[in-house]
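Here is a colleague's note for someone new to this structure. Please read the points with the model open.

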Amino acid sequence: MARPRDLTALHMFDLFDVPIIPGLTAAPDAITEIEESALIARIDAVDLSPFRFQQWTGKRLTRSFGWSYDFETGRFAPTDPIPDWLIPVRANAARFAGLEPEALVQALVIRYDPGAGIGWHKDRPVFEHVIGISLGNAAAMRFRRRTERGFERRSVPLAPRSVYHLADEVRHGWEHSIAAMHVPRWSITFRSLSQSDYLGAELRNLRSPRSPQTRNRSKSARFEFIAGKHAAGE
């Protein structure tokens, strides 16, 4: 992305001017078509791997930067830094969400080949703000939450080159998914950390020289805080 873009967050409303879900904002044309083509080429050039959760292997291909969550082991740890070509994209995403770029410490790039989607989930609790940019082909992001009468459902279109931001109620109270498609699609997602001060303190503690018993207790406590007993998400 060669230049900043003036993106106005649009709160998603229904036909009766009621917010579809509080905390959900979106805007079209976050990037140009030329920028979109360049980003797709960049993602395709990355060493992508199939998404794995425990013994299950998904069809979408992913790569994390900054921080990585291993769904097979529950391990959350630093990984390769966010590459230079994503830094301007992150700056625009942060501006759209009203955040500092440095707050978006994780970037996830995904290629959805035909037949790939993403199941119902909430993003991992270590993350807070979620900002996504859609590339290639249009999709629909589906939302649901459980009520006494069953699931309440909503759906929001994701146009190519659009951006969305999940925060507050939609981030913590609703699950989301994207149905499998017959055409390819790409996406870039940026996330901030939840309770980053606590995580930072824990990481500093893990690096400090102490007895093996103390280090093991810290690792155990950190694993329980980070992994917990949460449903799979991404």
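Is arginine 145 buried, partly exposed or exposed? At 28% relative accessibility, arginine 145 counts as partly exposed. The cut-offs are under 20% relative accessible area for buried and over 50% for exposed, with partly exposed in between (1.4 Å probe, protein chains only).

1. Ground rules. This is a predicted model: local features need pLDDT of at least 70, side-chain atom pairs count only at pLDDT 80 or more, and totals for chains, interfaces and linings use all residues. Residues are numbered from 1 along each chain as its sequence is written, and side-chain values use heavy atoms, with hydrogens and water left out.

2. Arginine 145 and its partner. The side chain of arginine 145 forms a salt bridge with that of glutamate 169, at 3.2 Å, N to O. A salt bridge here is a side-chain nitrogen of Lys or Arg within 4 Å of a carboxyl oxygen of Asp or Glu. Arginine 145 sits in strand β10 (residues 139–147) and glutamate 169 in helix α3 (residues 168–173), 24 residues apart. Helices (H or I, at least four residues) and strands (E, at least two) are DSSP runs, numbered from the N terminus. Glutamate 169 is partly exposed, at 31%. A network of salt bridges links Arg145, Glu152, Arg154 and Glu169.

3. The structure holds 9 salt bridges. One of them joins the side chains of aspartate 123 and arginine 191, at 2.6 Å, N to O. Aspartate 123 lies in the loop between β8 and β9 and arginine 191 in strand β14, so the pair ties together parts 68 residues apart in sequence. Aspartate 123 is buried, at 5% relative accessibility. Arginine 191 is buried too, at 3%.

4. Glutamine 106. What does the side chain of arginine 191 meet in a polar contact of 2.9 Å? The side chain of glutamine 106. A polar contact is a pair of N or O atoms within 3.5 Å; within protein, one must be able to donate a hydrogen and the other to accept it, and residues adjacent in sequence count only if both atoms are side-chain atoms. Glutamine 106 is found in strand β7. Its relative accessible area is 3%, so glutamine 106 is buried. A polar atom of the glutamine 106 side chain also lies 3.3 Å from the backbone oxygen of tryptophan 67.

5. Another pair. Arginine 63 and aspartate 80 meet through their side chains in a salt bridge of 2.6 Å, N to O. Arginine 63 is partly exposed, at 22%. Aspartate 80 is also partly exposed, at 37%.
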